[in-house]
2 protein chains.
Amino acid sequence: MRKLLLLSNSKLHGEPRLEFAKDTIIASCKKHCVSDILFVPYALKDHDEYTKMMTEPLAAMGFTVRGIHTFPSPKQAVEKAQCVFVGGGNTFRLLKELYDNELVDVIHKRVMDGKLMYMGASAGTNVATASIHTTNDMPIVYPPSFEALNLVPFNINPHFVDPDPSSTHMGETRTQRILEYLEMGNNRPVLGLYEGCLLEIEGNKCILKGKRGAKLFAEGHNDAKETFTDNQDISFLLG
Amino acid sequence: MRKLLLLSNSKLHGEPRLEFAKDTIIASCKKHCVSDILFVPYALKDHDEYTKMMTEPLAAMGFTVRGIHTFPSPKQAVEKAQCVFVGGGNTFRLLKELYDNELVDVIHKRVMDGKLMYMGASAGTNVATASIHTTNDMPIVYPPSFEALNLVPFNINPHFVDPDPSSTHMGETRTQRILEYLEMGNNRPVLGLYEGCLLEIEGNKCILKGKRGAKLFAEGHNDAKETFTDNQDISFLLG
């Protein structure tokens, strides 16, 4: 009976941090009796500063927040937590820290057992999926694996954007990059989550929320296979 | 007495492939008595198609081209070659193939001994440097290491672009990503090569060519440390 909120990003242009997700976070945490949040700041270098930055909007919603780096044992902190919020930043740095602190198995087990609610944004959403193969980030450190927390059996590309038809830049578009992943013969679909969107997951139910929607990419297709919109039930992805 | 041409990209918008680098490629290969090119198509999935696509402009310059994948032993092909051209595509896929085919050491040794000329574009330029930590590509496969051919002791970010001040997208800018790499405490500088630029390297001499120039990023700086322009001698980066 997993409980997850997977955000494409934490901040929309011109809005306060977490504003677009505020109502969903409050309602979902209330439903699951979450009052305390263990914040995981590993995706940025300055853990204190990052925890301070994210505590502000979360405290304003009524939550008590503490950074995992302030505990003598991060693993024990996870074992006792009601809920983790894994912040965005660099996905490679984040996943390496999760492995180095022996948190991958304990987070997976507690979330899948329904004992730990999981919230993540951007890199925090990437690591919640099967693997980080579809992150947008630069590989600034070498993690021991690209396999991740595997709380959902598919991949996500956060901050998804459509190609800009007026661009003269010759780097690959986001769509081209995702199709490159799929042509390597894996059979995990990839959900491109536009900014301002999130997945609300409870057990085997998955609802997409957010005005901009999402695009699904799957092996054997030369472009997006399907497009999803606000409040659409996409539980089949968990099947 | 290494001889390298490291291109930011292979194709500029609205131009034929390799057009911007044509004169330099012809002059440099003539100087180093190169008539045959061993093309390395590992960064794209379809090796035959990719070799065909790159043979066209190279043959028009007068070169004989053959894909490394058509040899029974890629390693022996490198041992006998005058020159390799390593094409762009996905840097992770390319580096993994170089390791899987046991080509990393042999290319390094023959290039550093002055026996093999090296040309690379985009991903082919990334793998020529110390490591692939500053590629723009998606990590679609897991290579055994991010350390690369180490033909030059610094990192390159190909297809470099400045932040777009009008953008409302919240993903990290290229500059932010490079600074994230540098804040991890390594002491390799990162050269951001704008599209249409290349490095011409002979022994310990390195000349930047191309109208758009390059930006150098180094540890302890909050933005680019230096900007370089066409024909500038930046040999100090090899020191």
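**Chain A against chain B, and a pocket**

Biologist: How many salt bridges do you count between chain A and chain B?

Modeller: The count between those two chains is six salt bridges, with the caveat that this is a predicted model.

Biologist: What does B:Arg177 pair with, and how far apart are the closest N and O atoms?

Modeller: B:Arg177 forms a salt bridge with A:Asp137, and the closest N and O atoms of that pair are 2.9 Å apart.

Biologist: And how many residue pairs are in polar contact across the interface?

Modeller: The rule finds 29 residue pairs in polar contact across the interface of chain A and chain B, with both residues of a pair at pLDDT 80 or more.

Biologist: Which elements of chain A each supply at least two residues of the side that touches chain B?

Modeller: On chain A those are helix H4 (91-100), strand S6 (155-160) and helix H7 (174-182), and of these H7(A) gives the most to the side that touches chain B, with five residues.

Biologist: What classes do the residues on that side of chain A divide into?

Modeller: The side of chain A that touches chain B divides into 17 nonpolar, 14 polar and ten charged residues.

Biologist: OK, how much area do the two chains bury between them?

Modeller: Chain A and chain B bury about 3600 Å² between them, and 61% of that area is on carbon and sulfur atoms. Of the area that chain A buries against chain B, 21% is supplied by A:Met138, A:Tyr142 and A:Met170, which is more than any other three residues supply.

Biologist: Changing topic: which residues lie nearest the centre of the second largest pocket?

Modeller: That pocket is lined by 25 residues, and those nearest its centre are A:Glu172, A:Gln176, B:Leu44, B:Met53 and B:Gly89. The space in the second largest pocket is about 660 Å³.

Biologist: Where does the largest share of its lining come from?

Modeller: The largest share comes from H2(B), with four residues; H7 of chain A and helix H2 (47-60) of chain B each supply at least two residues of the lining. By class, the lining has seven nonpolar, nine polar and nine charged residues.

Biologist: Back to salt bridges, how many does the structure hold over all chains?

Modeller: Over all chains the structure holds 22 salt bridges, including one in which the side chains of A:Lys215 and A:Asp162 meet, at 2.8 Å from N to O.

Biologist: What does that pair tie together?

Modeller: A:Lys215 lies in strand S10 (residues 214-217) of chain A, while A:Asp162 lies in the loop between S6 and H7 of chain A, so the pair ties together parts that are 53 residues apart in sequence.

Technical notes
Residues are numbered from 1 along each chain as its sequence is written. Chains are lettered from A and ligands numbered from 1 in the order in which they are written. This is a predicted model: local features need pLDDT of at least 70, side-chain atom pairs count only at pLDDT 80 or more; totals for chains, interfaces and linings use all residues. Side-chain values use heavy atoms; hydrogens and water are left out. Buried area is the accessible area (1.4 Å probe) that two parts lose on being put together, summed over both. A salt bridge is a side-chain nitrogen of Lys or Arg within 4 Å of a carboxyl oxygen of Asp or Glu. A polar contact is a pair of N or O atoms within 3.5 Å; within protein, one must be able to donate a hydrogen and the other to accept it, and residues adjacent in sequence count only if both atoms are side-chain atoms. Ala, Val, Leu, Ile, Met, Phe, Trp, Tyr, Cys and Pro count as nonpolar, Asp, Glu, Lys and Arg as charged, and the others, Gly among them, as polar. On a 1 Å grid over the protein atoms alone, a cavity is a set of points where a 1.4 Å probe fits but cannot get out, and a pocket is an open set with protein on both sides within 12 Å along at least five of seven lines; lining residues have an atom within 4 Å of a point. Grid points are joined across faces, edges and corners, and a volume is the space filled by probe spheres set on the points.
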